[in-house]
Amino acid sequence: MSIIKDNWRFSNDEVKLITKVILSGESSSMSGSTNKIFEDTFAKTVGAKYAVAFNSGTSTLHAALHALDVGYGDEVIVPALTVIADLNVILAKNAIPIFADVDPYTYNIDPTDIENKITKKTKAIIVVPLYGLPCEYDKIKKISKKYGIKVINDAAQSPLAEYKGLPIASIFDITSFSFDATKHMTTGDGGMITTNNKQTAKKIRKFGCLGYKALTAKDGRIRKIKDIFQSPNYSRHDDIGLNYRMSEFQGAIGIVQTKKLKRFVNLRREIAKKYMEVIKECKFLLAQANTDDKLHSYWTFAARITSPKISWQNFRKKFIEFGGTGIFASWKLLYQEDVFKNGNWKKQCPQLYKNYKFKPCKNAEKIQKELLQFPLNFKNLDSAQKSIKALEKTIKYFD
């Protein structure tokens, strides 16, 4: 069997491992060994002791909040500029979202505003290294220690990113990754939580697999020890949990994709460098700011249009006319999305949310309208050249 030639992200290696899973008859991570191999391989690759696979990067965030005992009425600080999943899981725990502003140059959560938003009810902080750029982790760690508040590092866009020489998965207790189709590596859908804490890993695994008490920090294969269940008096579950497991088929893809991850990330860095060279003298485009102590993983190359004379839509239109593959807009801010503004989310816990109010985030509101996201998921540098040239032409057109 051969793979379609243009499907550059996958190869026969993924097909072979999926076929092996099919022939084994073990398609569940509760009995097969493929997910265990994937978890161990990924943990080693990103610099963590433990990894637990999930069916999405949203269920990982849900499990992360559970692991920190976030519940009814607890406040969770979250950047206003991030994917809706970060908000949804807070609401799913009947917790209260507190929106923090972002830095106008890095687009990441502003540590000063984090501290401004802390109250006696604050239970957790979600930080997002946006587009692959590590946050100001030292400042955030100081805040975390000062107030005794745990941090969830939502690194969905940031595999292999580093901060001051450290892999970002090693900095906080919980780091969440996503493997959906847009990410550096993919299992179609899927996610992973990494941690260096054994008890945290065990609690996270239990939450993702119906609270089976036989689960351990390192292993989800409880059907391998069938004899322990064979008593009418045996109680299988000792913690709350949902079914967020990753299948063995996804795990097979994940093993191969993890081996390719360094190549995928390095290619994106190489393409981003070319984009940066194009815009470095441009007076109306401001690229996401980076510093030498941060190793960016570039899920996308992001820049702001700073001239009021150039509309976002016109810039994108010209870029495409000149041969560019396209430009993506930023998400609306979490509190600007229709699902939040219409208040339907309050129905799940009316007594908690009826008097809810939030403070707008001025920086985030400004830059959200200006953000250009240039795709970097090309099979090689040559494939990206048309878009790089298109950006040169577009800048000259508007200059």
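Q: What covers the buried residues of α1?
A: In this predicted model, the cover over the buried residues of α1 includes α2 (34-46) and α8 (248-279).

Q: Which residues of α1 are buried, and what makes them line one face of the helix?
A: The buried residues of α1 are Glu 14, Val 15 and Val 21. Viewed down the axis of α1, they fall within an arc of 125°, so they line one face. The face turned away from that buried side carries the exposed residues Lys 16, Lys 20 and Leu 23.

Q: How do you know that the span of helix α1 agrees with its number of residues?
A: Helix α1 (residues 12-24) has 13 residues, which at 1.5 Å a residue should span 18 Å; its end C-alpha atoms are 18 Å apart, so the two agree.

Q: Why is the pair Glu 14 and Lys 260 called a salt bridge?
A: The closest N and O atoms of Glu 14 and Lys 260 are 2.9 Å apart, and because a salt bridge requires such atoms within 4 Å, the pair qualifies. It links distant parts of the chain, with Glu 14 in helix α1 and Lys 260 in helix α8, 246 residues apart.

Q: Why is Lys 36 called buried, whereas Asp 40 is called partly exposed?
A: Lys 36 has a relative accessible area of 18%, and buried means under 20%, so Lys 36 is buried. Asp 40, at 31%, lies between 20% and 50% and therefore counts as partly exposed.

Q: Why is Lys 294 called buried?
A: Its relative accessible area is 7%, under the 20% limit, so Lys 294 is buried.

Technical notes
Residues are numbered from 1 along each chain as its sequence is written. This is a predicted model: local features need pLDDT of at least 70, side-chain atom pairs count only at pLDDT 80 or more; totals for chains, interfaces and linings use all residues. Side-chain values use heavy atoms; hydrogens and water are left out. Helices (H or I, at least four residues) and strands (E, at least two) are DSSP runs, numbered from the N terminus. The expected span of a helix is 1.5 Å times one less than its number of residues. Buried means under 20% relative accessible area, exposed over 50%, partly exposed in between (1.4 Å probe, protein chains only). The arc is that of the directions from the helix axis to the C-beta atoms. Contact means heavy atoms within 4.5 Å. A salt bridge is a side-chain nitrogen of Lys or Arg within 4 Å of a carboxyl oxygen of Asp or Glu.
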